[in-house]
Amino acid sequence: MRRRRQFGEMENALAPYERQLVENGKLVAIGELAAGVAHEINNPLFAILALSEFLLKELEPGTRSYERVELIQTTGLEIKEIVRGLLDFGREGGEERSTIALDQVVRQTVALVRRTNAQKGISIVERYEGPLFVDASSGQVKQVLLNLLGNARHATPDGGRIVVSVRRSDTEALVSIADSGPGVDESVRDRIFEPFFTTRRGAGAGLGLAVSLGIAQAHGGTIVLEPDTRGATFTLRLPAP
Amino acid sequence: VSRVLVIDDEAIVRHLIAEILEVAGYAVRTAESAERGLELLDDWQPNIVVSDIVMPGLSGLELLEAPRLRRDGLPVVLVTGAGTSGVLAEALAQGAAGLVTKPFSHAQLEAAVADALDRSHGSA
């Protein structure tokens, strides 16, 4: 009887690790698939973009034809960014790491987002405790922050606000992004980090959070959806010795 | 006029790379495989090779190892559809003169070829 109880306790203790292993396995498999798909798309995409460039050199600027080809080029460049996202997803460790000032990277990323969402009337409030250094790839951290801020921006209604706070907790650097949207429904909380899971049909591939979590984990950190908050609050946690 | 040998198994990619470089003023010949490209080296004696990495048969990275290329120090610019830092590091470690990732602009390809030619002239 006691053995059975002990076994049950062990099983409960191991369950989260088992879930993580399954999740990591899925991430690796889908990462490989995504890299393969990205590779296949790049050949025809190169043809579309290279031909558009030839046409833009040959056509008269200002004509309907020129504008239409410009639109083909712009759309092709958007596909290029999506494919780049897929390749990033397929990557394991990725870019070079160095000691970076996390607070500075957050400031730069928020400045970038501010320039793109001015029209929507959302305010972004920033809170910094002071300089905070981590060993990380600044490009990948920016990618994570852009994903989290992008999600926050989509969730936040006109006139709402997003609060970005950077602070230290023991041996971790924490970047929290809190939106004033409706929050994450209880029924999907467990699934939001799954690849290709999305609540915004037609607005993305559903890879943003999965990619971001993969990057955070490759840095020895994680991303959590904080419980019991008004709106949604995601926190990027990175080791900060 | 510098002679460029373009190797890519995808016909449309091969023809477009050739056209971009012809418009930029190079003389261009094309090959659909690395094996066919190696045959053209003696016949045509190009100054530089632009080659895809992933191809049936000999890959672009294996092409870098070809004795004929090594002997003449012929610069090779590789093009790839998977522009990861791992591919870049491997290509450069094996002696590629440049690497451009698809989809690239006309200017990016022209700059990669011109840089590789400049460096090969400088070291000749």
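Start with the polar contacts between chain B and chain A. Six residue pairs are in polar contact across this boundary, counting pairs with both residues at pLDDT 80 or more. The model is predicted, so that confidence cut-off matters here: side-chain atom pairs count only at pLDDT 80 or more. The rule finds zero.

**Stop 1: the chain B side**

Color the elements of chain B. Select α1(B) before moving on. Helix α1(B) gives the most to that side, with seven residues.

**Stop 2: the whole interface**

Select both sides of the contact. Chain B supplies 20 residues and chain A supplies 17 residues. The size of an interface is often given as the accessible area lost when the parts come together. Here chain B and chain A bury about 1600 Å² between them. Carbon and sulfur atoms carry 68% of that area. Which residues of chain B lose the most area to chain A? Select L16(B), P103(B) and H106(B). Together they make up 38% of what the chain B side buries.

**Stop 3: the cis bond**

Keep P103(B) selected and step back to K102(B). A cis peptide bond joins the two residues, with omega at about 0 degrees. P103(B) sits in the loop between β5 (98–101) and α6 of chain B. This proline is also among the residues of chain B that lose the most area to chain A.

**Stop 4: a helix pair in chain A**

Move to chain A and select residues 138–155 and 208–218, which are helices α4 and α5. Two packed helices are described by the angle between their axes and the distance between the axes. For α4(A) and α5(A), the angle is about 145 degrees and the axes are 9 Å apart. Their crossing is left-handed. Show the side chains next. On α4(A), the contact is made by Q140(A), Q143(A), V144(A), N147(A), L148(A) and N151(A). On α5(A), pick G208(A), L209(A), V211(A), S212(A) and I215(A). The residues of this contact divide into five nonpolar, six polar and no charged.

**Stop 5**

Finish at D170(A). Where is it? D170(A) lies in the loop between β4 (161–169) and β5 (172–178) of chain A. Check its backbone: phi is positive, about 50 degrees, although D170(A) is not a glycine.

Conventions:
Residues are numbered from 1 along each chain as its sequence is written. Chains are lettered from A and ligands numbered from 1 in the order in which they are written. This is a predicted model: local features need pLDDT of at least 70, side-chain atom pairs count only at pLDDT 80 or more; totals for chains, interfaces and linings use all residues. Side-chain values use heavy atoms; hydrogens and water are left out. Contact means heavy atoms within 4.5 Å. Buried area is the accessible area (1.4 Å probe) that two parts lose on being put together, summed over both. A salt bridge is a side-chain nitrogen of Lys or Arg within 4 Å of a carboxyl oxygen of Asp or Glu. A polar contact is a pair of N or O atoms within 3.5 Å; within protein, one must be able to donate a hydrogen and the other to accept it, and residues adjacent in sequence count only if both atoms are side-chain atoms. Helices (H or I, at least four residues) and strands (E, at least two) are DSSP runs, numbered from the N terminus. Axes are lines fitted to C-alpha atoms, for helices over the stretch in contact, and angles run from 0 to 180 degrees between N-to-C directions. A crossing is left-handed if the near helix is turned anticlockwise from the far one by less than a right angle, and right-handed if clockwise. Ala, Val, Leu, Ile, Met, Phe, Trp, Tyr, Cys and Pro count as nonpolar, Asp, Glu, Lys and Arg as charged, and the others, Gly among them, as polar.
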